Amino acid sequence: MILNVVGVGALCGGLGAGATAVARRVLSANGILDRPNERSLHGNPVVRGAGIGMSVVWVGVALVASLTLGRPEGSLALVAMVGCLSGLGFVDDIRHLSPLLRLAIELAVCAAAMSGGLAPEAVTLPGGLAIHLGGAAVPIWTLWGVLVINLFNFMDGIDGLAASQTLVSAIVIGIIGLALHLTLVAVLGIALAGVAAGFLPFNWNPARCFMGDAGSYFCGGTLVGIWLLGQKEGVSLLVLGFPAIGFFLDAVITLCIRTLRGQRPWHAHRSHLYQRLVMRGWPQASVTLSYAALAVGLSVLDISLFVLFR
């Protein structure tokens, strides 16, 4: 099974790279560019929205996998949610939707997915403790999912950062899924790692294209969905999501500080730690590699503790 899952990852890597190249060319020809603003850390216009290529490949592979690997409850809702979120992001990359409209659609899409079987009925914690949510499961997971997806979007601000974090987190999902014989979870995780790896060379500094909201909604939404699918199988969210804690802490701390200062979180800014490091002279590649190294370190710790206490 391991070789088959690795083969899926390699296939997705190749298809993801090809889809990204096509998306980049089409978007460039149509003038879909990210022009520098007060939040930007790039000096020249760069193609925006190329993350749609990752989404198309992953959704196709995930749909086939869900239909052929037993269709566990919530898997098709996950695929539909990811496709809709990525589509929303792609429209925003082209048309610039208002923040409130995007938020309303995100809430509706996530609520539909949770109602469609993706919402776990309980949260399991290391040590076997379970918190049962009852009828509050759907609204709780809907709000949590939208929050995580937007935090991920906030962190997509320098070359390679979001894609490399997705790659590391997805590999860990695949490893844990294989260890527990959760075939679909493993396949979905490794497929995500594959498309992220295929996209990353195009997004490495200096980036030839940005994933845009299409890509950040895809990556954030897919991680959320697979984490929840794993939680439904009894794998703690903390175990599956641990490698991304450092990445999301940057977003959470910045969000809290800006909120306390009376600043609107959705307005463009340069308050994140990764942005401050770049403005202090760190090369973007060095910042991205530092965050990736932290994620890898957390992954090693996560897998070690998982093996020790499983």
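Analyst: What follows goes through the packing first, then the loops, and ends with a second pair and a single side chain.

This is a predicted model, in which local features need pLDDT of at least 70 and side-chain atom pairs count only at pLDDT 80 or more, while totals for chains, interfaces and linings use all residues. Residues are numbered from 1 along each chain as its sequence is written, and side-chain values use heavy atoms, with hydrogens and water left out.

Helix α7, residues 183-203, packs with helix α8, residues 212-232, at an angle of about 165 degrees, and their axes are 10 Å apart. The two helices are therefore roughly antiparallel to each other (an angle over 145 degrees), and the crossing of α7 and α8 is left-handed. On the α7 side the contact (heavy atoms within 4.5 Å) is made by Leu-184, Val-185, Leu-188, Gly-189, Leu-192 and Val-195, and on the α8 side by Phe-218, Thr-222, Leu-223, Ile-226, Leu-229 and Gly-230. By class, the residues of this contact divide into 9 nonpolar, 3 polar and no charged, with Gly counted among the polar ones.

The loop between α7 and α8 holds Pro-206, which is joined to Asn-205 by a cis peptide bond with omega of about -5 degrees. In the loop between α6 (161-179) and α7 lies His-181, whose phi is near 60 degrees, a positive value in a residue other than glycine. His-181 counts as exposed because its relative accessibility is 64% (exposed is over 50%, buried under 20%, with a 1.4 Å probe and protein chains only).

For comparison, the axes of helix α1 (residues 2-29) and helix α2 (residues 52-68) come within 7 Å and cross at roughly 145 degrees, and the crossing of α1 with α2 is right-handed. Among the residues making the contact of α1 with α2 are Leu-15, Gly-16 and Ala-19 of α1 and Gly-53 and Val-57 of α2, and by class the contact of α1 with α2 has 8 nonpolar, 3 polar and no charged residues.

Finally, Asn-150 sits in helix α5, residues 137-154, and is buried, with a relative accessible area of 16%. The side chain of Asn-150 reaches the backbone oxygen of Val-146 at 2.8 Å, and, residues up to four places away in sequence not being counted, Asn-150 touches Glu-106 and Tyr-217.

Notes. Helices (H or I, at least four residues) and strands (E, at least two) are DSSP runs, numbered from the N terminus. A polar contact is a pair of N or O atoms within 3.5 Å; within protein, one must be able to donate a hydrogen and the other to accept it, and residues adjacent in sequence count only if both atoms are side-chain atoms. Axes are lines fitted to C-alpha atoms, for helices over the stretch in contact, and angles run from 0 to 180 degrees between N-to-C directions. Angles under 35 degrees count as roughly parallel, over 145 as roughly antiparallel, 65 to 115 as roughly perpendicular and the rest as oblique. A crossing is left-handed if the near helix is turned anticlockwise from the far one by less than a right angle, and right-handed if clockwise.
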